[in-house]
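Welcome! Please take a look at the sequence and the model before reading on.

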Amino acid sequence: MNKKLYVARSPRIAARQLGEEMLIMSAQGSTLFTLNPTATILWQGADGATTLDEIVERRICSEFDVNLEEAMRDAETLAEDLARHGILLVSEEPIINRNLVLQEQH
Amino acid sequence: MSGLMEEMGARAQRLGVPFSVQLDLTYRCNEQCIHCYLDHHDHGEMTTAEIKQLLKEMADAGVFFLTLSGGEIFLRKDFFEILEYARALTFCIKLKTNAVLIREAQAARLRDLGVQSIQISIYSHRPEVHDAITKVPGSLNRSIRAIRFLKSQGLKVVIANVLMTQNMDDYHGVRALADELGAEYTLDPTVTPMMDGDRSILDLNVGESALQRVFRDESLVGNAEEFCAPPHALDEDSMDSTPCSAGHTACYISPYGEFYPCVQFPLSCGNVRQQKFIDIWRDSEQLKEVRSIRLRDLSSCSQCAHGGSCTRCPGLAFLEGNMRGPSTSDCERSFARTGIPSANLLAKKDKVSPPRLVQIQLVPAITGSRLSGLASPVAAS
């Protein structure tokens, strides 16, 4: 992926940190997910205004011993996976109104 | 419960996290169900600001599953303001309601707010039976209409069917109604005492033979032979386990801020109007006592043949006078399921009953079938 991607937490999920992991329940299908500590950092940074590569560079590469290219590949895969389950919104534009994005997706 | 859910529950218990809370927003109700365990008068409900402060404290403490219940939650004018605030704190929210106040607009709002599920009480598929239990004419039709609105928004609806003498023959009809509406269905075959300990509503419980029929209905229990198989006693490993999640990963808050281990366990542990939620959760002496109980500490249950498969409720045991004692209604369920009496039932049977002073209510001379109902003993001490 060469384009800048913006990511935002879906407003229709429930989430809580439990120990080092993030627990997420999607309203769609009532599925429970857990995110490991690295994925949790990405999730917490997904505010709709920050691009995925900025999150990876500022919050993941600075915390963990991992090169940017490899971390970006993993982050893109994770973002796609979370988006498929309806718990993360991904867009090439900043995501300001998360409910609007969801309505457009339906 | 899924494996991941069990794992998360166990982790929450290890970390001392209050994973799941039921918060009753009001005890007021627009139905007057004959089996209800609540006093519906308002004795000073928490304000909107108090509830928001509590929700913030609960989120900070790690609460994930939040059930908003009552009374009827939609009677609170600030209900959507509370719900919106709770969702902004990313709780996983389940609502319990009779749904009679839900129209299209409310259903759409619930969907937009990402509510996980809505549990709705339905007692019969027949209006004359359901409405006689709620004491509100037209209530069944209004609840059904609301379920259609909720389902049209793609929301998960669970129909909860409490079984009692008035509706004991109707659960197949309610189940078929749930299927037709695309709702899930759950059956509770027992009526529990009122919060203040009043046990008079227990008379509404279905009899033993009806309970046996329910437990042998394969459309409800799956393999009846397996479900009703002879019980197994507690093994040594299980002796050190805890009886249930009440006070360990779960608790209940009343509309007045009282903090209890569970909605069915009226042991007051503090009040969130006077103390922070987390301080009560961590430091309450009552909760520490509840948490100290292991299955081996239970006076008769640890030796009971049903020990390994019993659904004993510590709250109901507490209402009987001893949180370490048996819960007779669970003993009766175990007996109806397996035909084998519990240690508690056997001990009760062995006790020599003292002579009972029975007062017979005097009734006017009447004839025919009404006699048997009215001339029964009304008080014994």
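## Chain B as a whole

Of the contacts in chain B with a separation of 6 or more, what percentage is accounted for by residues 24 or more positions apart? The share is 68%, where a contact means that two C-beta atoms, placed from the backbone, lie within 7 Å.

This is a predicted model, in which local features need pLDDT of at least 70, side-chain atom pairs count only at pLDDT 80 or more, and totals for chains, interfaces and linings use all residues. Residues are numbered from 1 along each chain as its sequence is written, while chains are lettered from A and ligands numbered from 1 in the order in which they are written.

Along the principal axes, the C-alpha atoms of chain B fill a box of roughly 60 × 50 × 45 Å.

## Helices and the sheet

Chain B contains 16 helices and eleven strands; these are DSSP runs numbered from the N terminus, with at least four residues (H or I) for a helix and at least two (E) for a strand. Nine strands of chain B form an open, mixed sheet in the order S6-S5-S4-S3-S2-S1-S7-S8-S9, where strands pair if DSSP finds at least two bridges between them.

Strand S6 (184-188) and strand S9 (270-271) of chain B stand at the edges with a single partner strand each, so one side of each has no neighbour in the sheet. Further in, S7(B) and strand S8 (residues 258-260) of chain B run antiparallel and are joined by two bridges. B:Ile253 has B:Phe259 in S8(B) as its bridge partner.

## A closer look at B:Pro243

B:Pro243 sits in the loop between helix H10 (224-227) and strand S7 (250-253) of chain B. Is B:Pro243 buried or exposed? B:Pro243 is buried, because 21 other C-beta atoms lie within 10 Å; the cut-offs are 20 or more for buried, 12 or fewer for exposed, and partly exposed in between.

Beyond its neighbours within four places in sequence, B:Pro243 is in contact with B:Ile293, B:Leu295, B:Arg312 and B:Pro314.

## Where the chains meet

The contact takes 15 residues from chain A and 17 residues from chain B. On the chain B side, helix H1 (residues 3-15) gives the largest share, six residues.
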